[in-house]
Amino acid sequence: MASPTRSLQHTASGAPRAGGPGRLAGRTVSRVGFGAMQLERLRGDRKAAVALLRRSVELGIDHIDTAQFYGHGFVNDVIREAIRPEDDVIVVSKVGADPEPDGPVPLRFAQRPEQLRASVEDNLAALGLEQIPLVNLRRPDSGPGLRAEGDQIVALDDQLAVMTALRDEGKIGAIGLSSVTADGLRRALPAGIACVQNAYSLLTRDDEDALRLCLAEDIAWVPYFPLGSAFEGLPKVSEEPAVIAAARDLAATPAQVGLAWLLHHAPNLLLIPGTADPGHLEENVDAGALTLDEATLAVLDAVPPRSGDIALG
């Protein structure tokens with residue numbers, strides 16, 4: 001779904017880049033992308049799901065984040081229908097977990113090397129691709145979520161060996177890591193890491209060391225839960241008084257301020273906020289154009305971070 005037609009300021013469709021240009025796996029992408037997990041909410045209205053993805057392309061998004069376990073394959077199937085080769089969209093997927101629809105948490109770990117390979121093959125088939133441009137390995141090391149047990153406790157080196165083999169075979173273009181510690185990232189650097197996805201927001205900044213390491217190593221930082229989370233246990237950026245006050249002054253929403261703060265915080269940071277609502281999608285894109293002056297940034301930077309923990313894959 002990607003071709004060499006990218007420009008610095010505009011996507012292949014001719015739209016201005018949402019949030020301006022950033023770098024991901026050696027390519028120029030819009031700094032505001034789209035996290036596809038919430039498309040599962042549109043399972044009963046497939047046309048609306050396709051239309052939402054088409055609208056994201058029109059708005060200057062050319063980076064979509066997905067996984068085969070999102071909606072048990074539904075999300076990838078919709079992406080395959082909606083995204084066209086001429087859109088020049090980078091579709092990034094994730095491995096390391098499988099769906100567990102009847103479990104207390106709808107995911108289970110799939111960390112063994114043979115499971116990672118099988119997950120890549122499943123993503124390739126569902127997306128209709130010969131190569132996935134970037135695949136993130138979801139580790140159980142850091143941030144909110146489940147922790148591996150039994151035979152799902154797998155050494156990172158063993159996982160990187162199969163991921164590197166898949167890259168050498170041309171089935172994936174680049175390797176990313178998710179929910180990884182700074183020490184784990186350091187150990188993985190020789191394998192060539194293009195992206196890190198960790199839980200990170202104005203209020204959840206436990207991984208600042210990992211972010212700074214990514215900045216030094218020219219690795220994209222792509223936070224999940226960029227506004228906290230609707231799940232219990234993570235603080236919500238949109239409820240922070242300083243964020244609410246800044247939003248009032250800027251005639252913006254608190255969510256837009258939280259996203260804009262992230263873009264201002266580090267130049268290697270890319271956003272993948274998710275939604276199933278077209279209006280919310282446009283608000284997320286508009287956040288990429290929101291300017292925070294030095295005084296506002298100073299107030300937001302001074303907000304004390306808070307940790308949280310939830311049981312989520």
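Analyst: What follows takes the labels in turn, and the model is a predicted one.

User: Why is Cys195 said to be in no disulfide?

Analyst: A disulfide needs two cysteine sulfur atoms within 2.5 Å. The cysteine sulfur nearest to that of Cys195 belongs to Cys214, and it is 8.0 Å away. Seen from Cys214, the closest cysteine sulfur is that of Cys195, too far for a bond. By this rule, the count is zero disulfides.

User: Why are Cys195 and Cys214 called buried?

Analyst: Buried means under 20% relative accessible area. Cys195 has 1%, and Cys214 has 0%. Both values are under the cut-off, so both residues are buried.

User: What makes Asn136 count as buried?

Analyst: Its relative accessibility is 0%. The limit is 20%, so Asn136 is buried. Asn136 is found in strand β8, residues 134–138.

User: Which residues does Asn136 touch, leaving out those up to four places away in sequence?

Analyst: Asn136 touches Asp65, Val92, Ser93, Lys94, Val95, Gly176, Leu177, Cys195 and Gln197. A contact here means heavy atoms within 4.5 Å.

User: Helix α6 has buried residues. How do you know that they are on the same side?

Analyst: The buried residues in α6 (residues 208–216) are Ala210, Leu211, Leu213 and Cys214. They cover an arc of only 160° around the axis, so they sit on the same side of α6.

User: What covers them, and what is on the face turned away?

Analyst: The cover includes α5 (182–188), β10, β11 (220–221) and α8 (254–265). The face turned away carries Asp209 and Ala216. These two are called exposed because that label takes over 50% relative accessible area. Just after α6, Asp218 takes a positive phi of about 60°.

User: Which residues lie nearest the centre of the second largest pocket?

Analyst: Arg23, Leu24, Asp218, Ile219 and Ala220 lie nearest its centre, out of 13 lining residues. Two elements give two or more residues to the lining: β1 (21–24) and β10 (193–197). The largest share, three residues, comes from β1. The second largest pocket has a volume of about 190 Å³.

User: What classes make up that lining?

Analyst: The lining of the second largest pocket has eight nonpolar, three polar and two charged residues. Among the residues nearest the centre, Arg23 and Asp218 are charged because Arg and Asp belong to that class. Leu24, Ile219 and Ala220 count as nonpolar because Leu, Ile and Ala are in the nonpolar class.

Terms used: Residues numbered from 1 in each chain as written. Predicted model: local features only at pLDDT ≥ 70, side-chain atom pairs only at ≥ 80, totals over all residues. Heavy atoms only, no water. 1 Å grid on protein atoms, 1.4 Å probe; cavity = no way out; pocket = protein on both sides within 12 Å on 5 of 7 lines; lining within 4 Å. Points joined across faces, edges and corners; volume = space filled by probe spheres on them. Helix = DSSP H or I, 4+ residues; strand = E, 2+ residues; numbered from the N terminus. Buried < 20%, exposed > 50% of the residue type's maximum accessible area, 1.4 Å probe, protein only. Arc of directions from axis to C-beta.
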